[in-house]
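Hi,

Here is the structure I promised to pass on. Please have a look, then read my notes below.

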Amino acid sequence: MRIATAHAYDTSIQNLQKRQQDLSESQMQLTSGKRVNVASDDPTAAARAERALASMARSDANKRSLDASRNVMAITESALGDTVELMQTARETLVAAGNGTYSDGERKALAVKLREIRNQLLSVANRSDGGGGFVFGGQGSATPPFVDGNTGVTFVGQGGETLASSSEKLNLTVDGDQVWLKARGGNGVFTTAPGINANTSGPNGGSAWITSGTVTTPSQLPYPTPSGSSSPSYSVRFNVSGGTTTYDVLDNSTAPATTLSSGQPYNSGKTIAITGKGMSVSIAGAPADGDQFTIGEATNNLNMFSSLDKTIAALSQTNASSSGIQQAVNTGMTEIDSILGNVQAARSAVGESLNRMDGIESRIETLKLAAATERSNAEDLDMTEAISNFQNRQTGYQAALQSYASVQKLSLFQYING
Amino acid sequence: MGTGIFSLGARAMLANQAMLDTTSHNISNVNTPGYSRQQVELQTEGGLFTGAGFYGRGVKVATVTRSTNEFLVRENNVNIATSSSDQTRLDKLNQLEKVLPTGQNGLGYAAQQVLNAFVDVANQPQDMSARQVVLARSQDWVSRVNTAGKQLDELQAGTVSDMQSTVSRINSLTQQIATANQAIASLKGIGHEPNDLLDQRDQLIKQLNGLVQVNTVEADDGSLNVFMGGGQLLVLSNSAQTLSVVRDPLDSTLGRVALRTGNTDRIMESDQLTGGALKGLVQFQDKDIASTRAGLNAFVSQFATALNQQQSLGVDATGALQTSFDAAGNPVGTPLFLNTGSATSISMNLVQPKGLAAASPLVASVQASNTGTASIDSLTMARALPQTNAIDATTSLPTTNTTLSVLFETSATDPTKLTYRFVDSTGTPYKDVTPKRTWTPGTPINDADPASIPASQLFNLSISGVPRAGDKITIARTTYPASNNGNAQAFLALRDKAMVTLDGATYATVTDAYSQMIGNLGVAVQGGKTAASISSTLAKTSEQTLSSTTGVNLDEEAARLIQFQQSYQAAAKVLQIAQSLFDTLLQTARG
């Protein structure tokens, strides 16, 4: 086939340009370190890289949620730690106040100490999260969520918890209402309290006081009450006649009350069984005729501040009866224990979630790393391959230039002389 | 006889000179585009009859022909038209690809970052700077989208302007072809081909094919009639039609090729263009820009709609419901975007960070006396709360009744299962009196009323853990909207919601939709590259085949030069011999 000279030159110039273009493309890949610079380089890889990038950004966002939650949980943990310490101190103070030899003045001093503890507890309950919110603010609160009013401390926030955005449950607040104001009353199953004297309709006249009681036969317990029926209550009524004290146990859920046992002889401090109901209490001291003690179902509404307020009020009384003090100390201790239990439970939940966060963080990091690897696999250059490619193309270009230079010298005209 | 050898020699010299001239012409035009190698056709002068038979009377130049091949020319023209169309489209596609950047410069990443910014709002709803970040990122997204829209507009305008310049070059070429036709036709009678004129005309047609594919039909007078691929006549003998570019009557941004007859422009169908740069431009305009714009607008408008909708379900930091209704029943509220449905003109609407509806209008809380382990995961709104002070205005609940409880009960039909129903704060059943909603673990609790219109559903409540019979979950209005993050979390959930559809049928998440868009465009560019590479290879091959027939090879010409020089020298020798013969004769006659 004949070769048209002009076309042959055109073709070689085009080929040289193509080689140069290839070389420059190879060089661009090497300098940018990316195999996919525009989507058309590899549409599938570009789409993969896009998704991986979104996944990385998502991991960063999740990390921020986690950090925010971790910050709040750390503050909460320390706040609950402070609470436990304060409650321990309150408990010790209360034990001291139970000392029968203390004068009114000494007890008052302890009451003042308790009041200080209560005020400190209130400030812990209203602890800020450092960002304008409150760690115990529940689902929202514009002002400190616990307000000290005429009727005691109330929760003005919205109950519940604010959660961070995450695939796993991360708290941004703790339900303060539950922690501070909703401990379980009594011994956890039932509550005991001094009742009203059946004869005088006034407060009990004797010096007897009741303990928080224990469960003896769980299978006989009337609590928790099945839904739909009202919660039964029981009472122990004392009869004092001729120096002998006996007691009756009554079931108040029926009208008139059913007698569960009657005429039992009373010994101070001895266990009194609520016959057939699996509970027993003990009453110490000397009850007056007609004195009553009631037993009811424990509920979740034991308010830490009300409980302390009640104890402080009892200890601040002048000329308080020793039974009144004993009752206040005893009830106060039971309640502090119950509240402590509630706070400890919340604290361990917080600690557990802090613990969980380490796991979540490592999962987020792993996901991010996986996404970064995916992105790199999709669009990054294999350097070894790219360098070898570049050298190949360089060699090719050199060869093309050299062959062009030597071929263009060949022409018959070179050999025609004159 | 004596004169015979003189005229023989002279003719031979003339013929050889003609061949030397033609070779020189070839050498001169080695680089002339469209030039076809010429050669002298020789033939013997007819014999002189004598009694001894025919004596040759030497050589004569019959004509000068050009080496060309009509079929190769035609094939080459078709290939040039296709290749030019593909290459033009590819050049434009390479620009189009830059409209949708990838990675962190991309629109998908920016959209994702708008949603990710809600993480900080959810973490600190009361922090206005976190809300400001959402607005700033939204503004960033809007700017990127606007830029992409404007780039598309500019590409479109550039395409129309390219079409105009292409058409004016076509008009100039067809005019030149008509002129060449006239010149060729006027020389028709003389019996020889006007080679250089024909070359010029072929070259014009080749150039025209680069712009628009044409077919040619030769007329009896030697002129070429030129038709466009679709059959539209462009050049008839010595008159050329004029093309123009006019605005599409339905969309003034689009350009349309029209044929000017008299003073009116008649728009031609796009399928009348079968090749050439003009086809590449029209195809790019009608297919590539159009589909990219449609995809971009769908992406932009659906993302903005989804965010606006989510915004309308929430409550802003001041406690204003974002969709309440005015007296005429029209929704009032401040949407995030002014969604025009177009990437070019969409803009931000919300400027106040406190106007961002980060709070949910309702909150759910578990009652303290619950014995089960149920806890709230999320409460999301299914539609906007219509009234400011009630849970639901569509039922008989009084407007002052602001709480609603979900009450779990043991199923009457299957004691192993739980049912739930709603009661208001006075204990009055809400929506349904008898418990008929069975609680299925993992399925959100909702108030969709099967007996009522489905649109009456207000919320979806997801819980984790297991409730027990008698447990209650209370749903109430949000008391502290500034510190609630319910709607911000719902915004974040949009990251995983399939809410964007590019084809109107399948929905994908924002990230997936954008990946799909750049993937589609990448595939289109890749396809364009492949097509351009194939058609340019074909064009190169046919050009090479053609040039091997028509092109000048200098070595060949050099060899011919020597050949013809020697023939010329031989012819001169004939004359010299004739002269010496004559001299011999004269001396003899002188005696």
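How do α1(A) and α7(A) run relative to each other, roughly parallel or roughly antiparallel? Note that this is a predicted model. Helix α1 of chain A spans residues 5–32, and helix α7 of chain A spans residues 383–407. Their axes lie 9 Å apart and the packing angle is about 155°. Angles over 145 degrees count as roughly antiparallel. So α1(A) and α7(A) are roughly antiparallel. Their crossing is left-handed.

On the α1(A) side they include A:Y9, A:I13, A:L16, A:R19, A:L23 and A:L30. On the α7(A) side, A:M383, A:I387, A:F390, A:R393, A:Y397 and A:Y404 are among them.

Chain B has a helix pair to look at too. Helix α7 (residues 277–312) and helix α8 (residues 486–493) of chain B cross at roughly 160°, and their axes come within 10 Å. The pair α7(B) and α8(B) is therefore roughly antiparallel. This crossing is right-handed. From α7(B), the contact uses B:L307, B:Q310 and B:Q311. From α8(B), it uses B:N487, B:A490 and B:F491.

Last, the surface of chain B. Which residues form a nonpolar patch there? They are B:F6, B:F582, B:L585 and B:L586. Together they have about 390 Å² of accessible area. Helix α10 of chain B, residues 554–590, gives the most to the patch, with three residues. B:L586 sits in that helix, α10 of chain B.

Best wishes

Definitions and conventions
Residues numbered from 1 in each chain as written. Chains lettered and ligands numbered in written order. Predicted model: local features only at pLDDT ≥ 70, side-chain atom pairs only at ≥ 80, totals over all residues. Heavy atoms only, no water. Patch = residues over 30% accessible without salt bridge, like charges linked within 9 Å, V, L, I, M, F, W, Y side chains within 5 Å. Areas by Shrake-Rupley, 256 points an atom, 1.4 Å probe, with all protein chains shown as cover. Salt bridge = Lys/Arg side-chain N within 4 Å of Asp/Glu carboxyl O. Helix = DSSP H or I, 4+ residues; strand = E, 2+ residues; numbered from the N terminus. Axes fitted to C-alpha atoms, helices over the stretch in contact; angles between N-to-C directions. Parallel < 35°, antiparallel > 145°, perpendicular 65-115°, else oblique. Left-handed = near helix turned anticlockwise from the far one by under 90°. Contact = heavy atoms within 4.5 Å.
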